[in-house]
Amino acid sequence: MLRPRAEALGARLPPLLVAAQHLAQSIELGEHGRRQSGQGEAFWQYRRAQPGDPAHRIDWRRSARSDSHYVQEKEWQAAHSVQIWIDPAPSLAFASDPDLPQKRDQARLIGLALASLLLRGGERVGLLGGAQPPGRGRLALSRMADHMLNAGDDAKLSHAAAVPHARQIVFSDFLGSLDETRDFVLAAQGRGQKGVLFQLLDPMEEAFPFQGRVLFQDVSGVLTHDTREAADLRNRYLDRLARRKAELSDLAKRAGWRFHTYHTHQPPSSALLWLWNAIGGPAR
């Protein structure tokens, strides 16, 4: 019984990795990629000298062209760790149209492509939840894909395996209870960890285009709701969705995190570029 499952997993793994690496290669990062101030050898930028800066750090040639003194800042070159978590909730196994990807499949693709970019830049990448600690190289990427495709439905979002000072990327539709997400973000804030809440929604979930009689059923088939006039529910649904997004945005902002909503009909390259910039720059 395990062998057919393993063979099926192996058949899915190479296409996912190929697609993720192809997506990563579509992003032009430039020479420096993620740049931050710190200890290194590569020049990054000039800044005005401040009280306490030693005289030997002043760039006298640059300062001679101005009334102020300037020092050089070097590019930060120490590798950071990034940890990724993809919500295993059944609601992510949804696509409103056969031509659209499931939310979970798109999260896996974008997450692996981001990992590929980070690994290319010399950073350590892994999965949250203790499945895989941050690592480097092609083997780390292959193991991430393996764990993503083989993750159980009970994988909890927990800070127990979160690496100190690592950045956390949480992929979910955030349509269920936010208790676990809120606890995780607040715990991360207390540990000085920054991150991203990345919401994936199917375009139907954003637009609610239903008319007339509709039978709504959750993906597990347990909960159903039959209505004769679905349009009457539209405003209430859209209001609740807007309040949920505002709650997530506020949670992220208070913790120094970032929040973003991505729709599965949009190019994944746009999501990848946003994520790259979000984790490479200051929270705002």
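This is a predicted model: local features need pLDDT of at least 70, side-chain atom pairs count only at pLDDT 80 or more; totals for chains, interfaces and linings use all residues.
**Entry 1: the cavity**

For me a cavity is a set of points, on a 1 Å grid over the protein atoms alone, where a 1.4 Å probe fits but cannot get out. Residues are numbered from 1 along each chain as its sequence is written, and side-chain values use heavy atoms, without hydrogens and water.

Which residues lie nearest the centre of the largest cavity? I found Arg167, Gly195, Val196, Arg258 and Ala278, out of 10 lining residues (those with an atom within 4 Å of a point). Strand S7 (195-201) and helix H8 (268-280) each give two or more residues to this lining. Helices (H or I, at least four residues) and strands (E, at least two) are DSSP runs, numbered from the N terminus.

**Entry 2: the sheet**

Next I followed an open, mixed sheet of 6 strands, in the order S5-S4-S3-S6-S7-S10. Two strands pair if DSSP finds at least two bridges between them. Strand S5 (132-135) and strand S10 (258-263) are the edges; each has a single partner strand, so one side of each lacks a neighbour in the sheet. I also noted that S7 and S10 run parallel over 6 bridges, with Leu201 opposite His263 in S10.

**Entry 3: salt bridges**

How many salt bridges does a search of the whole structure find? I counted 9, taking a side-chain nitrogen of Lys or Arg within 4 Å of a carboxyl oxygen of Asp or Glu. One joins Arg108 to Asp105, with the closest N and O atoms 3.5 Å apart. These two are 3 residues apart in helix H3, so about one helical turn separates them.

Methods: On a 1 Å grid over the protein atoms alone, a cavity is a set of points where a 1.4 Å probe fits but cannot get out, and a pocket is an open set with protein on both sides within 12 Å along at least five of seven lines; lining residues have an atom within 4 Å of a point.
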